Amino acid sequence: MMQRILVDLRSDTVTKPSRSMREFMARAEVGDDVYGEDPTINMLEERVADLLGKEAALYVPSGTMSNQIALKTHTRPGQEVICEENCHIFNYEAGAPALLSQVQMRPLSGRFGVLDVSEVEKAIREDNLHTPPTGLICLENTHNRAGGTIYPLNDISEIANLAAQKGIPLHLDGARLMNAVVATGIPAKDWAKYVDSVSLCFSKGLGAPVGSVLSASKDFIKRARKFRKILGGGMRQAGILAAACLFALDNNIARLSDDHANAYLLADKLKNLPGIFIDMKQVQTNMVMVYVKHSKLNSLSLSQALAKKGVLANAVDAERIRAVTHLDIDRDQILQAADIFKDILQDA
Ligand SMILES: Cc1ncc(COP(=O)(O)O)c(C=O)c1O
């Protein structure tokens, strides 16, 4: 018999829409969004553009589509896109930049997902017969694979100054930007003003079942809308889905601080257990990276042992397990998960 799932820490994408979110969705006014006639989608696009201080926005089905439309709109085939080597766009979007935009990715190593401006400067190509022109720089905040780390605003502003001098646009994969906003108290606009386009996801910590919003200038969004159509992302009466995002904007932002407190609590409970290591400086939002340095267990076998006892957390590589807190997990479940980690590590 399958063990009942007690705590699902695999990702903040596993949240299910609450009853009140579903009721709000059911009442949404809808229309044909491909004709620009869905009032709920129009309202969501206006609200997100306003939140980020941008002229316009575009509702799309997923974070991947949002990022890839941004790449396609910013670049021309044959260009190079600078990014951090662990970023989502480079690692987890199934090679889409090469396939859809015909660009070459230029991954640079960063520190907890953060690029050093001098490294970015070195990577920008001079005009030369032999080299691919640099067409875009991508940043990710918070950084997923680095463990939910926050991109310091000062680093973003330095990279933005460099990008402006060189005439290169900047795209922010802000799938979890609102986690950075809540953790730092720095408003979304103050992050977004440094970049030309921002992708914000609603189906992660914000708890909606579907949807991301790409924000930028009016002209950019007009061109992006065309690419959304090309990719089959024009969704007709999708206001019923966009309503979940409006609900999340009103109800699920401030509460991200509960997820951050739960992640910190989990890290604190785990940090002195035998055979694992946690860098508390890295625990900045809703993720905990657990480094497994156990004589009998590696990240995969520990993750399997946890699953057998009802705690789900993914091994992200050979030495790390990632635990993600979200709105379907409360403090008691965190304490329960910590006890199960303890039992396994002590008995192994
Ligand atoms: C940082 C980041 N960007 C983009 C995405 C893609 O989002 P989606 O799964 O909606 O395509 C994810 C998904 O986890 C993510 O973590």
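Histidine 326 sits in the loop between strand E13 (320-324) and helix H14 (331-347); helices (H or I, at least four residues) and strands (E, at least two) are DSSP runs, numbered from the N terminus. This is a predicted model, in which local features need pLDDT of at least 70 and side-chain atom pairs count only at pLDDT 80 or more, while totals for chains, interfaces and linings use all residues. Residues are numbered from 1 along each chain as its sequence is written, and side-chain values use heavy atoms, with hydrogens and water left out.

**Histidine 326**

- With a relative accessibility of 1%, histidine 326 is buried (under 20% relative accessible area; exposed is over 50%, partly exposed in between; 1.4 Å probe, protein chains only).
- A polar atom of the histidine 326 side chain lies 2.7 Å from the backbone oxygen of aspartate 8.
- Beyond its neighbours within four places in sequence, histidine 326 is in contact (heavy atoms within 4.5 Å) with Asp8, Ser11, Asp12, Val14, Thr15, Arg255 and Asp259.

**Ligand surroundings**

- Around the ligand (a heavy atom within 4 Å) you will find Ser62, Gly63, Thr64, Asn67, His88, Glu93, Glu140, Asn144, Asp173, Ala175, Arg176 and Lys204.
- Ligand oxygen atoms lie 2.6 Å from a side-chain N or O atom of threonine 64, 2.8 Å from one of asparagine 144 and 2.9 Å from one of lysine 204.
- Of the 390 Å² of accessible area that the ligand has on its own, the protein covers 84% (Shrake-Rupley method, 1.4 Å probe).

**Nonpolar cores**

- The largest nonpolar core has 54 residues, of which Leu44, Ile137, Leu139 and Phe202 touch the most other members; such a core is a set of buried Ala, Val, Leu, Ile, Met, Phe, Trp, Tyr and Cys residues joined through side-chain atoms within 4.5 Å.
- Helix H11 (residues 239-251) contributes the most to this core, with 8 residues.
- Another core, of 31 residues, lies apart from it and includes Leu273, Ala323, Ile340 and Ile344.
- Not counting residues up to four places away in sequence, leucine 139 touches Leu115, Tyr151, Ile156, Ile159, Leu170, His171, Leu172 and Asp173.

**Cysteines**

- The structure holds 0 disulfides (pairs of cysteine sulfur atoms within 2.5 Å).
- For cysteine 83, which is in no disulfide, the nearest cysteine sulfur is that of cysteine 87, 3.8 Å away; cysteine 83 is buried, at 0% relative accessible area.
- Cysteine 138 is also in no disulfide, and the nearest cysteine sulfur, that of cysteine 83, is 6.6 Å away; cysteine 138 is buried, at 3% relative accessible area.

Methods
Polar contact = N/O pair within 3.5 Å; in protein donor to acceptor, adjacent residues only side chain to side chain.
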